[in-house]
Structures are given as C-alpha cells and as structure tokens.
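User: I'd like to walk through this structure with you, one question at a time. Could you end each reply on the value or name I ask for?

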Amino acid sequence: MKVVRKFPRKIRQIEHTWIPMPDGVRLAAKIWLPAGAEKEPVPAIFEYIPYRKRDLTRVRDAQTHPYLAGHGYACVRVDLRGSGESEGILVDQYRQQELDDGVAVIRWLAEQPWCDGRVGMMGISWGGFNSLQVASQRPPELKAIVTACSTDDLYLDNMHYMGGCLLTDNLSEATTMFSVNTCPPDPDLVGDRWREMWLERLKKSGLWLEIWLRHQRRDDYWEHGSVSDDYAAIQCPVMAVGGWADGYTNAIFRLLEHLQVSRLGLIGPWGHRYPHRGSPGPAIGFLQEMLRWWDYWLKDRETGIMDEPLLRAWMLDSVPPTTRYDYRPGRWVAEPVWPPRQPRWRTLYLAPDRLTSSRDKARGSDSEQSIQSPLSVGLFAGKWCSYTAAPDLPHDQREEDGGALVYESAPLQETMEILGAPAVELEMAADQPVAMVAARLSDVAPDGKATRVTYGLLNLTHRNGHDRPEPLESGKSYRVRVELNYIAQRFPPGHRIRLSLSTSYWALAWPPPRPVRLQIFTRNSALRLPVREPRPEDTRVVFEPAQGAAPPEVIQREPAHHNWWVHRDLAGDESVLEVIKDEGTFYFPELDWEVGDATWNWYTYRGDDFNSPQGETRTRRHFRRGDWWVRTTTRTVLTADATHFHIHAELDAYEGEMRVFSENWSRTIPRDLV
C-alpha cells in the first residue's frame, strides 16, 4: 500500500468526544475533520463497531479515515454501547438497541455545524452487518452505505451455522467477544469512572456462546437483523464488497439480485479485510473507489462510478494448494446484471468414482455407493472465514479424500471458467436420524495435487428448510440439493474437476451425534457448474494501486506468532488441531499505551468416537500505562454427547496482581437435530 501524506484538505483530528443517546448513555467517538468544515460543512461518513477505536483498530482506522477526511469528508469512528470508551453494556450482536443507537448517531452527525446534513455509513464485518441493518431502519439523513464482508442473513451465511450445521467459528467468535467485552476503557479518556465501567461490563456482558447455541435453527432470533427478510426496507444505494477467501461472499450476490436500489458488487481474492489492505493480493485502490462512490452519492459529483458494471469480480487462476497465499493470480471480470440473463450451466453426472457429461453413461453403471467418513476429514479444511493472519486456508485435498467418496472428471480438453454457486443434487439415504453431508469441489492438477475451489455443507434434517428441521427415516431415499459457496475459478486444460462427499467435516463444523453411513444413488445425482465465457468488457475493469494514510507509530515489544498445528497421537488415537493467534505486545508511543492480545484454540477428537469432539479456546489481554495495568483471561470449553451440548467457561480479571473479578459458567443445551 502506498502511504499518502498530503491531501487536498488539511485534517483536524478529535481523539475523543461524546455522542449522547436518547436514554442518556454516551457513545465514544473519534473524528477526523477537513479544515474549514465548520464554515463550509461537508458530508459525514460513519463507522460503528465494538473493536475499540483507541487501540485494536487504531492502525486500520488511521489508514482509512484520514484519507477520506483529506478529500472533504467528516469521518467518525464510534464504539458501540458497552465497548471501548462508550458507556453502557454490550450484551449481544445486532440487537435493536444497537440499531436505535446507530440511527441516533446519524441524526446527531447531521445536526453538527461541520456536517451538511448528508451521512454515509461504512464498515467491514460487524460494521458491514450493521450498515445494512441501520439502512433498513431508513434514517432520512443516511444517503448511501458501503458494506464489506457482511451478510444479509444472520443464519444462512454467518459464522454460527452453515447449511444448518454448527460451525466451530461459532465458538471462536463467541470467544473473541468474550474477551473484547472484558476490556476496560482508557482512564485517560473516561477518568476515574474506568473501574466502575469495567466491572459493570465484566458482570453483565454475559456468555454469548450460550445465546447462539440456544438458537440452532433459523428462528425469530436470527430473523431480526437479517435484511433478507425485507430487502425493500433498504432505500439508499449500497456498495457490497468481499473476497473469495472470506466467509460472507455469498450475500453479495443475493444483495445484487434482490435489492431495489442502486447497487454495486466488488469481489477480489481477499480474506476478511478491506480491499486496500487485501490479502491474498492483489490489493486495490479501494479508498479511491469509495471516494468515487461517496462523491457521487453525497456530493452529487459525476465520477463514473455508476457506469461501472453491476459486479466486478476476480477470476481466480489455478494454483497449487497451500494454506497461505501472498498473491492469487487471475484477472478482473465484469457482469452487467446479476443473475445473468442467460445463465449457462454445465451438468456433470455422478457415476462410481467419476463425473461424466453423459447421463446415459452414469445410469449405465452401478448406481449405489456408500460412505461413513472418519472424524479426520476436515483437519486440513482451514477456517470457515480466512482472516489471513495465520495459515488458515485449506491444505492439499488429498489429505482429506481418503475418508470421502470421490468423483472425478476426465482431463479437461479446454479451459473452463465458472462464476456463481455450484450445486450438488443428490439422491441419498442415511442410517441415522441426524446426518450431514460436506461437498467439496477441487481443481486437480496433472501431478495429482488437489486445490479446494469451493465447498458446501448441509444438515440433512434441514432439507426442507432451516426453520423446520425433520429427522431422517433410516433407509428412506431423499432428494437434496447442496449449495456450494459462490466462486469465480478458471480450470486449465489437462486439469480434472473433483467432487468429494463426506459425512463429517471436523473441525470446521460440529459432527452429527453418531457415525452416519450415507448411501448415494449416483444415477439420480449430479454436479451443476455455472459456466462463464470471457467477454471483451472484462478488460475494462481497472483499479488504481492501493493507497492509504500514514499509520501511527507502533512498537512491537513482544513478537506476534500465528500458526496452525495438527498433532496426531497414534498410540492414544487422538488428534488435535491447534490454532495460535498471538498478536504479541505492542505499544503506541503517542498514547503511552501498551496492549497485549493472544488467543489459542484446540479442537480435539479420539478415534471414531462422535461424542469425543471438543473445542477449547483461551484468551489473554492486557493494557498498561506506567504503573497502571489490567489483564483479563478467558477459557471456554464446548463438548457434546448424543443429546446435549455442554459449555464450561471461565473469566478472570486482574488489576495489577490482584484478581478483582472471577466467574464460572456451566451450561447444558439440548441438541436440536444438529
């Protein structure tokens, strides 16, 4: 990223100010103002998340908001109620109080002397979620949004459940918030009230993992905040952004299809990051793209942004499998409408061990195969959502395919490109009332290396809808459709397309209560691929190089360490996936503020015991200034038997060497056909 230090407008930074809410609670905000905005008001751009403007997102914020402010916008970064320096308590994600506060902040911004009354909202992840949700509340001052790495459906595409299967990201996200909610406000900003505010958070924020596990189907809890239930509620323009390595990309296609307002979609090769900081590369000049967007919708300037195709996406080239890429080769492609007016689907029919384009050949062979996967399938799956902070992408799929049914095409005679959501149509039967299927699509090179392209999960009790799971009847035949994640991928000549089916995918998703044997009736099963031909307009998609404002000085006092380990105890027949995300200790000289942040995860199973999978997470955070310092530790353990999930959680908080707070939780929650 090129660092830009001079902008058209000089910037005045307000490190901390209060925004009052209607109930008297005050939210903490940091503001970047263009010089002279009080005399010549400008539009405001608002970002609203719980991840602490003071420190945890300080570097990212400093690269983004001053850049936009230097081009004539009042940029405002607000901590959610109960986070950072904001007052109150944060008790869950996306509740109505959060949305009401967001609407109140927008109204407050529009009334400030430096704002001309027009407001835009932006955000990535949590901030992308609530940008959509606040837009659905229709505050009149909100004129446009940019939503990155977000979802329109809190159940369908989120870190909690996928295809009705419980994701282990549900545990890791709950652990993240368990730890973030224990952080104190900075005494330099809130004064002597810091201890009172901190202890209130420790006592009242609660155990979010319990909340999310009590809603294992798509019920009213998930419907709240899911804008997919009423797309028409959003009446301002939307730019939806994501990356193929992210977990939220599917929502972009639904937003493009169903929103009734001006909209654009942008998808690169990136993980869970803004595109100007995108990894795997190439990163792009996303701040310049946002300026084109904001100038058009907030300043009425003709920038050409709405002349761009509805969807700009990175077509991924074939690459060898590895768990981390610095760069994904490919090219930009353009779609003027979505879905395409004349979609082209290629159907490959399942036959034993192979995929064939001839239905007659598929039906002329044995039509029944069965699989009962070991729990080891999934150890090399990577993370549901790549944060590109660790080697968290899927490994060579040959590590996984020994426990799966594998169907493979003949070598391709010519290049094939796909853009969209592949789907697997299966006729199947199971010998248990609760079962799942994991479907993986891989690119197999001539040397045999297999790179996972995309995948999908389906809890088979959810075959008729995520709101009404029904147990399976042993031996009964069912027709199901497994939607794979959207993808853009080029398959070169000589490569093969592989479909792999397994009955478990641990540790990405929690396995069924008991081992399951699936029968696949291949004569009535098929893989459908959304084929796309290159177009001349693809070459017109061009982005400027990535730019950003100068980050603050940060001194790394203790090194960061990120890694994934697979431990196999062959004598005890136990396997452990260990994930380390240790940011070390870093120091902001301008604040005289030290932060330590580390998380560890272990996902364990023994042999073929489906009651043995266990997820354990631990976190440690500390904050220090001179002789003042506090630290918190958390530990969460999730296990399950055939009928219940079991949570054990611990929280300890220290002021100096003295423990000032401690609480333990023990919860048992029935399994709801999961």
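User: Which strand gives the most to the lining of the largest cavity?

Analyst: Happy to start there; this is a predicted model, in which local features need pLDDT of at least 70 and side-chain atom pairs count only at pLDDT 80 or more, while totals for chains, interfaces and linings use all residues. Residues are numbered from 1 along each chain as its sequence is written, and side-chain values use heavy atoms, with hydrogens and water left out. On a 1 Å grid over the protein atoms alone, a cavity is a set of points where a 1.4 Å probe fits but cannot get out, and lining residues have an atom within 4 Å of a point; strands (E, at least two residues) and helices (H or I, at least four) are DSSP runs numbered from the N terminus. Two strands, β21 (450-459) and β23 (487-491), each supply at least two lining residues, and the one giving the most, with 5 residues, is β21.

User: How much space lies in the largest cavity?

Analyst: The lining has 32 residues, with Trp244, Ala245, Arg452, Val453 and Ile487 nearest the centre. A volume here is the space filled by probe spheres set on the grid points, which are joined across faces, edges and corners. For the largest cavity that comes to about 470 Å³.

User: How many residues of that lining are charged?

Analyst: The classes are simple: Ala, Val, Leu, Ile, Met, Phe, Trp, Tyr, Cys and Pro count as nonpolar, Asp, Glu, Lys and Arg as charged, and the others, Gly among them, as polar. The lining of the largest cavity has 15 nonpolar and 10 polar residues, and the charged ones number 7.

User: Which element gives the largest share of the lining of the second largest cavity?

Analyst: This cavity has a volume of about 70 Å³, and its lining includes Phe178, Arg201, Glu663 and Trp665. Two elements give two or more residues to it, α6 (194-204) and β35 (658-670). The largest share, 3 residues, comes from α6.

User: What about the second largest pocket: which strand gives the largest share of its lining?

Analyst: A pocket is an open set of points with protein on both sides within 12 Å along at least five of seven lines, and this one holds about 900 Å³ of space. Of its 41 lining residues, Gly420, Ala421, Glu483, Leu484 and Tyr486 are closest to the centre. Elements giving two or more residues include α9 (250-258), β18 (416-420) and β22 (478-483). The largest share, 4 residues, comes from β22.

User: How many residues of helix α4 are buried?

Analyst: Buried means under 20% relative accessible area, exposed over 50%, and partly exposed in between (1.4 Å probe, protein chains only). Helix α4 (residues 169-180) reaches 16 Å from its first C-alpha to its last, close to the 16 Å expected at 1.5 Å a residue, where the expected span is 1.5 Å times one less than the number of residues. Among its buried residues are Asp169, Leu171, Met177 and Phe178. Of the 12 residues in α4, the buried count is 11.

User: Which residue in β24 stands opposite Val444?

Analyst: Strand β24 (residues 496-502) is mostly covered, with 6 of its 7 residues buried. Two strands pair if DSSP finds at least two bridges between them; β24 runs antiparallel to β17 (residues 405-408), joined by 4 bridges, and antiparallel to β20 (residues 436-444), joined by 7 bridges. Opposite Val444 stands Arg496.

User: Which residue forms a salt bridge with Arg292?

Analyst: A salt bridge here is a side-chain nitrogen of Lys or Arg within 4 Å of a carboxyl oxygen of Asp or Glu, and the count comes to 61. Arg292 is buried, at 19% relative accessibility. Arg292 lies in helix α10 (residues 286-299) and its partner in the loop between α10 and β12 (311-316), so the pair ties together parts that are 16 residues apart in sequence. With closest N and O atoms 3.0 Å apart, the partner is Glu308.

User: Is Arg635, which forms a salt bridge with Glu650, buried or partly exposed?

Analyst: The closest N and O atoms of Arg635 and Glu650 are 3.2 Å apart. Arg635 lies in strand β33 (residues 628-640) and Glu650 in strand β34 (residues 644-655), so the pair ties together parts that are 15 residues apart in sequence. Glu650 has a relative accessible area of 23%. With 22%, Arg635 is partly exposed.
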